Amino acid sequence: MLFGDFLKKITNKISLIRDFLLASVITGLISGFFIVFYYYIMEYISKIFFGSNPIFTIFTWPKWYIYLITILSILIVNFIIYKDKNVKEYGVEQIAQIITEKKEMITIKTLLLKIIASALSIGSGFAMGTEGPSAEIGAMIGYKIHSLFKFPETLLKPMISIGASSGIAAIFVSPITGIAFAIESIAYNFIKSYITFIIVGSLSAFSIALIFLQPFTFIYSAGRMINFKYVYVTALFIPYMTLLIYFYLFIQDKILYFMHLKLFNIFRKYKDLIFAIIGGSVIATILIISPYAGFTGHKIVSLLINNENLNILFILEILLLRIVATTFSIYSNAVGGMFVPLMSIGALSGYLFGLILQYLHVGIGLEPFYFAAIGSAVFMGVIMKLPLTSIVLSLEITNDYNVVIATGFSVAIISYLTKLNFNLKKFNTINIDFNTLTHK
């Protein structure tokens, strides 16, 4: 009798593992299709607004039209947020809180509104990323799959983690980076017990996304061949990148904070409306100057890490505009994530560093696009507090040890230096409670 009970217990456990593995695959596959659908909606909205390729066709539209599109879009997004405050929360942080703090799962209605708001924000040119809504899409699918398979309550949070990880892997079109991102930012409480299922879900979603979406590529990879010049020059790169990160955070956390506070003191309950109009106008102006400074930043990153013929004035212009665009997008309540937008700022910063070295005849033979690849990973890793993900990202995109080593040293040291003056939140979200502020 005791042996029979033991055998039954083992059989049930094997069945549960089998079903959970199957659920992980299904969650990943469905997440992959939904992420592709979400991405195409965003792209379709962008094409409706500005033409087949907004980076090049936006110049064909009258300026008043561009202002109209950006302002109306952000006003609609703010109206959606007014109707459902949960739409404003960025998905990666929200999913992590659901998992660790036993919060209520996001509703399908809120998820759909978030997808609409995000697609409208990015499609109209605001400098936001796609990983937040993607994480929530995957998490919601994991939540529904859990109900469909009638798993025990103890497997709900792991299933949500698998779904969120799948969404991230799909939108990045990078399985290892997606897994690392999920482990470091979402599923850290379940690494030991559920890492296998997270990997299965992420790879399943990636296999779907790879068919329809384009990953980052680095065509100049030297593989494991080490050029120690890149390692040595890191000693110059670290203070340079630290200064630029300080500059970015100063604009984001100081100047616009007080501008927003001043608007609050003047307009009170209308401050979101006023700042949305200001933000929409700023984004429209930036798109007119250079469309490369708007949208997610995916195209500018791909261009920088694989192009040798960009001049210093162009890079400097796009860098400054993109910092302003990203900051105003956040404070205008544009919906989306910050992963790729931060990568784009880092890539621009790194490429600029490489051009400066060439101008000063320092490090002869070192290519700017190498520093673009390093900068993209470092800037994201420091600001979002994801050092492991930044290293994995640099390895998976470039497959070049010169980039990986420089990234590792840089993100470790710059993270420490940044902590001395700035209090970075885990996911770089901004949630200012103006109701607690008083007019002085």
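This is a predicted model: local features need pLDDT of at least 70, side-chain atom pairs count only at pLDDT 80 or more; totals for chains, interfaces and linings use all residues.
1. A pair of aromatic rings is described by the distance of the centres and the angle of the planes. With ring centres required to lie within 6.5 Å, the count comes to 22 aromatic pairs. One of them joins tryptophan 61 and tyrosine 65, whose ring centres are 4.6 Å apart and whose planes meet at 20°, so this pair is stacked. Tryptophan 61 is partly exposed, with a relative accessibility of 32%, whereas tyrosine 65 is buried at 15%.

2. The rings of phenylalanine 275 and tyrosine 331 have centres 6.2 Å apart and planes at 55°, and the pair is therefore tilted. This pair links distant parts of the chain, since phenylalanine 275 belongs to helix α11 (residues 271–289) and tyrosine 331 to helix α13 (residues 312–331), 56 residues apart. Phenylalanine 275 is buried, at 0% relative accessibility, and tyrosine 331 is buried as well, at 6%.

3. Aromatic residues also gather in a cluster, which is formed by Phe218, Tyr230, Phe237, Tyr240, Phe353, Phe369, Tyr370 and Phe371.

4. Helix α6 (residues 131–149) packs with helix α7 (residues 156–172) at an angle of about 140°, and their axes are 6 Å apart. Because of this angle, α6 counts as oblique to α7, and the crossing of α6 past α7 is right-handed.

5. Where these two helices meet, the residues of α6 include Ala135, Gly138, Ala139 and Gly142, while those of α7 include Ile160, Gly163, Ala164 and Gly167. By class, the contact of α6 with α7 holds eleven nonpolar, six polar and one charged residues.

How values were computed. Residues are numbered from 1 along each chain as its sequence is written. Side-chain values use heavy atoms; hydrogens and water are left out. Rings of Phe, Tyr and Trp (its six-membered ring) pair if their centres lie within 6.5 Å; planes under 30 degrees apart count as stacked, over 60 as edge-to-face and the rest as tilted. Buried means under 20% relative accessible area, exposed over 50%, partly exposed in between (1.4 Å probe, protein chains only). Helices (H or I, at least four residues) and strands (E, at least two) are DSSP runs, numbered from the N terminus. Axes are lines fitted to C-alpha atoms, for helices over the stretch in contact, and angles run from 0 to 180 degrees between N-to-C directions. Angles under 35 degrees count as roughly parallel, over 145 as roughly antiparallel, 65 to 115 as roughly perpendicular and the rest as oblique. A crossing is left-handed if the near helix is turned anticlockwise from the far one by less than a right angle, and right-handed if clockwise. Contact means heavy atoms within 4.5 Å. Ala, Val, Leu, Ile, Met, Phe, Trp, Tyr, Cys and Pro count as nonpolar, Asp, Glu, Lys and Arg as charged, and the others, Gly among them, as polar.
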